[in-house]
Amino acid sequence: MTKAELRKKYKALRTGLSIDEIDEASISIANNIIKLPIWEHSFYHIFLAIEEQKEVNTDYILSILSGKDKNVLISKSDFEKGTMRHFLLTDGTKIKKNAYYIPEPLDGIEISNDKIDVVFIPLLAFDKKGNRVGYGKGFYDRFLADCKPETLKIGLSFFEAEDEINDVFDNDIGLDYCVTPERDYTF
C-alpha cells in the first residue's frame, strides 16, 4: 500500500478505538518498552499524545522515564518552517495545546538535537523494514535528520507491521524499533 492509503486505513482504525482500548494498549506498549535495550542513555525525546487523533497515551512511558531519572524532552512545532524545538520537561513546565491540539511547552530550557539519545515517534503505520507513515508533514524526518546518527528511533503503534510501504523516499528516516501492544520489532 502507499502512504496515502495507509494514512486513510490507520486513521479509520484509530477512530474505531475506545478510550479504554487506547488506555489498555498504551499500557501494554509501555510495558514492552521496558524490555528494550535503551536505558543506558540520558536524553529521551517523547511526544505528548494528541487525544483528538487517538494517539498512543505516552503518560505511562513518561512515568517509566521519570522512575529511571532520565532527562525528558518535549517539542514545540513551528508550522511555518516545518521544524520543532525541544525543551526539557520539568515539574514547572507549562503545557498548552496549539491550534492543531498538540500539547506543547510554552517555554523552558531548550536542548539541541545533538544531545538527544532516544526519540519516541508517533506514527500511523509502519512496515517490516522499519519504514513509517506519519501525518505527512515531514516534521519528524527533518528533526531526525538533524539528530546524531546513533540516536535511537522508536515508533509507537497500536497496530502490527504492514508487509511493505510502497512509496518510501530516500529522505524518509526509518525506525530502529517499533513497539506495539503485542510485541516489539527490531530493524
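Buried means under 20% relative accessible area, exposed means over 50%, and partly exposed lies in between, with a 1.4 Å probe and protein chains only. On that scale, Ala 4, Lys 8, Ala 12 and Thr 15 are exposed on one side of helix 1. This is a predicted model: local features need pLDDT of at least 70, side-chain atom pairs count only at pLDDT 80 or more, and totals for chains, interfaces and linings use all residues. Residues are numbered from 1 along each chain as its sequence is written, and side-chain values use heavy atoms, leaving out hydrogens and water.

**Helix 1**

- Helices (H or I, at least four residues) and strands (E, at least two) are DSSP runs, numbered from the N terminus.
- Helix 1 covers residues 3-15, and its 13 residues should span 18 Å at 1.5 Å a residue; the end C-alpha atoms are 18 Å apart, which agrees. The expected span is 1.5 Å times one less than the number of residues.
- Lys 3, Leu 6, Arg 7, Tyr 10 and Arg 14 are the buried residues of helix 1. They cover an arc of only 105° around the axis, which puts them on the same side of helix 1. The arc is that of the directions from the helix axis to the C-beta atoms.
- These buried residues pack against strand 8 (125-126) and strand 9 (132-133). Contact means heavy atoms within 4.5 Å.

**Helix 3**

- Helix 3 (residues 59-67) has Ile 61, Leu 62, Ile 64 and Leu 65 buried. Seen down the axis, the buried residues of helix 3 fall within an arc of 160°, so they line one face.
- Ser 63, Ser 66 and Gly 67 are exposed on the other side of helix 3.
- The packing partners of the buried residues in helix 3 include helix 2, strand 1 (43-45) and strand 2 (71-78).
- Asp 69, with a positive phi near 60°, follows helix 3.

**Ile 29 in helix 2**

- Ile 29 sits in helix 2 (residues 19-33). Ile 29 counts as buried because its relative accessibility is 0%.
- Ile 29 and Ser 157 are 128 residues apart in sequence, but their C-alpha atoms are 8.1 Å apart in space.
- Not counting residues up to four places away in sequence, Ile 29 touches residues including Val 56, Phe 158 and Pro 181.

**Charged residues**

- The structure holds nine salt bridges. A salt bridge is a side-chain nitrogen of Lys or Arg within 4 Å of a carboxyl oxygen of Asp or Glu.
- Lys 9 forms a salt bridge with Glu 162, with the closest N and O atoms 2.8 Å apart. This pair links helix 1 to the loop between strand 10 and strand 11 (177-179), 153 residues apart.
- Lys 128 forms a salt bridge with Asp 163, the closest N and O atoms being 2.9 Å apart. Both Lys 128 and Asp 163 are exposed.
- Glu 104, in strand 5 (residues 103-105), is buried yet has no salt bridge; Lys 76, the nearest side chain of opposite charge, is 5.4 Å away. Here Lys and Arg count as positive and Asp and Glu as negative; His and the chain ends are not counted.

**Cysteines**

- A disulfide is a pair of cysteine sulfur atoms within 2.5 Å. By this rule the count is zero.
- Cys 147 is in no disulfide; the nearest cysteine sulfur, that of Cys 178, is 17 Å away.
- Cys 147 counts as buried at 10% relative accessibility, and Cys 178 counts as buried at 0%.
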